[in-house]
Amino acid sequence: MRPSGARIRSIFTSFSNPRQSRQQRAMSRRLLSGSSRKNVLMTTLLAIQVSPRGGYSTSRKLTSDFIEKWKAQHPGGTVVPRDLATTHLPFVDLPWIGGAFTPPEQHAPEVKAAIKVSDDLVSELKASDHIVIGTPLYNFNVPAILKAYIDHIVRLGVTFTMNYEGLVQGKRATIILTSGSDFSPGTPYASFNQAEPYLRQILGFIGITDVNVILAGRSLAVDTGEKTLNEFAEQFSGQLQSAVA
Ligand SMILES: Cc1cc2nc3c(=O)[nH]c(=O)nc-3n(C[C@H](O)[C@H](O)[C@H](O)COP(=O)(O)O)c2cc1C
């Protein structure tokens, strides 16, 4: 949820210093009046990374470029990293299901532990304003580890209701999807890309409908040496900049 105008004013008032310089006071006034082009509200970006390829990863490179642009646009913002390649998420299992569908007072220790993983991921998600997911396309869909994450955060009564009402409201999402081939609209195999419609649907289902997808295809050019990682990323710089604005 974005802070109200009164809350923003009280945040700035509580930090005001009587010995501020004239320049600092002018800046504070600009911030309060909203005349600055940069968004200085206290805002949080949840940065979900998926690829196991570390420094060779195209999706990580584009996502870290996105994070740098986001930080420049939101000087007071906080970035919360969630690296699924190192989080070692368990799959949904019987104790997890017990935890998700029975009241907490009935939870045995094993059930408590299983559902805590999900509770923590949901809290992290709900505390964010903007979510960026940097992921490769695997076999025309999302990598299994991202699906495992989704299974943790899509929870009846927690992130959606029985009436298909999403409970994670007021957020934006940016998906950076890299793939060896090109699946841009109008290309012959565009419909093979199941990841984009799936991610749009599942995020919308939990209430996140403001979703921007950056399709970063033809990453094969990096593998063949036709382009460097930087040259590949540069092609999407404009789209990344628009996504943080
Ligand atoms: C297991 C696996 C499955 C893949 N499946 C596809 C695919 O279905 N279509 C495609 O165009 N590229 C596919 N690729 C290529 C990756 O999407 C591409 O190399 C991507 O840029 C990798 O992202 P990363 O560099 O962030 O790991 C696959 C790669 C791997 C390792």
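Helices here are DSSP runs of H or I with at least four residues, strands are runs of E with at least two, and both are numbered from the N terminus. I noted that the model is predicted: local features need pLDDT of at least 70, side-chain atom pairs count only at pLDDT 80 or more, and totals for chains, interfaces and linings use all residues. Residue numbers start from 1 along each chain as its sequence is written.

I found 16 residues surrounding the ligand, the closest being S51, S59, P136, G180 and S219; the C-beta atom, placed from the backbone, must lie within 6 Å. I sorted this shell into 4 nonpolar, 10 polar and 2 charged residues. Ala, Val, Leu, Ile, Met, Phe, Trp, Tyr, Cys and Pro count as nonpolar, Asp, Glu, Lys and Arg as charged, and the others, Gly among them, as polar.

Strand 1 (residues 44–49) and strand 3 (residues 130–136) run parallel, joined by 5 bridges. I saw L45 opposite H130 in strand 3.

Last, I checked two helices. Which residues of helix 5 meet helix 6? P95, W96, G98, G99 and A100 do, against E110, V111, K112, A114, I115 and S118 in helix 6, with C-beta atoms, placed from the backbone, within 7 Å.

Technical notes
Two strands pair if DSSP finds at least two bridges between them.
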